[in-house]
Amino acid sequence: MMLERRPNPETLADLRDEIDRIDACLHEMLMQRGEIIDRLIAVKARAGGSSAFRPGREADMMRRLVERHKGILPLDTVESIWRIIISTFTFVQANYSVHADISGGDAQMRDCCRFHFGFTVPYVTHADVADVVAAVSAASGDLGLVPVVSSPASGAWWQQLAAPAAPKIIARLPFVERPDHPAATPLFVIAKPVKDGAARDSVLYAATLTRWRDGLNAALGASGAELVAKAPEAHAALLAVPGATPPASLREALAGHGVEISSLTEVGSHAARFDFVRAS
Ligand SMILES: C=C(O[C@@H]1C=C(C(=O)O)C=C[C@H]1O)C(=O)O
């Protein structure tokens, strides 16, 4: 079949005009997004609370974004663009800083913070988790970042979140997980207890056990729970439990393994983890 020759082939200038038109539209849409913020601030102020961050809503937005994405723009790029948009719009509603525990090194924490929160949100480093918890406790809407796999020196750091007024875990990052994620380090976001917008698909408990025994994770599996972090020397565990699972079934699962729970305190919750497998 013969292709019809177009009388006027596209020129580079034509294509650049089209790109300029699209860029102007994108910019206009972002400015329109910004115009909603004043109204949003007023509505949220009525609902109370100091932080504008709504982790459940963000997890849902990120999930829908990657599910609808197609075309040549890499998923990593589209995800990072939206993380910057969302985090910066949260920042302009109510300024906040992100306090990171860099006891395991600064480079990857900085990369992850920039990926998830952009460059406008200040990144503040701290030598250990205790300093992060103190900084988050001291400022009204600030967030803390603690690696899920923390350095051994951090011990049972999650016990610092047990007091009712202490900061709590409110999100787990990345919202969209995949093996080659550019900011793959699993992180917990901590904040002062959130009054609304908390996601409770996964509830986190600080557990103290009567003794430590290997194989806990397999024992917990029956109740859908997971051993997320451990400090065997302190007989301490951080457990992630599906929101619908009553703590009693955790006790049962561990009792079946010969381990009793001597204390169990909720230290936060987060949205369901979301594994995204790219269609190749
Ligand atoms: C806009 C809101 O506030 C924050 C900013 C969001 C955004 O820019 O899309 C989404 C969730 C919140 O963390 C909101 O609560 O809807």
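Is H235 buried, exposed or partly exposed, going by its C-beta neighbours inside 10 Å? H235 comes out as partly exposed, because it has 17 such neighbours (buried means 20 or more other C-beta atoms within 10 Å of the residue's own, exposed 12 or fewer, partly exposed in between, with C-beta atoms placed from the backbone). This is a predicted model, where local features need pLDDT of at least 70 and side-chain atom pairs count only at pLDDT 80 or more, while totals for chains, interfaces and linings use all residues. Residues are numbered from 1 along each chain as its sequence is written.

**View A. H235 in its loop.** H235 sits between β8 (226-231) and β9 (236-242); strands here are DSSP runs of E, at least two residues, and helices are runs of H or I, at least four, numbered from the N terminus. H235 isn't a glycine, yet its phi is positive, about 55°.

**View B. The cis bond at P174.** Going from L173 to P174, the peptide bond is cis, with omega near -5°. P174 belongs to the loop that links β4 (168-173) with β5 (176-177).

**View C. The shell around the ligand.** Among the residues here are L40, F53, R57, E58 and Q93, counted when their C-beta atom, placed from the backbone, lies within 6 Å of the ligand. Both α3 (55-68) and α4 (75-93) supply at least two residues each, and α4 gives the largest share, four residues.
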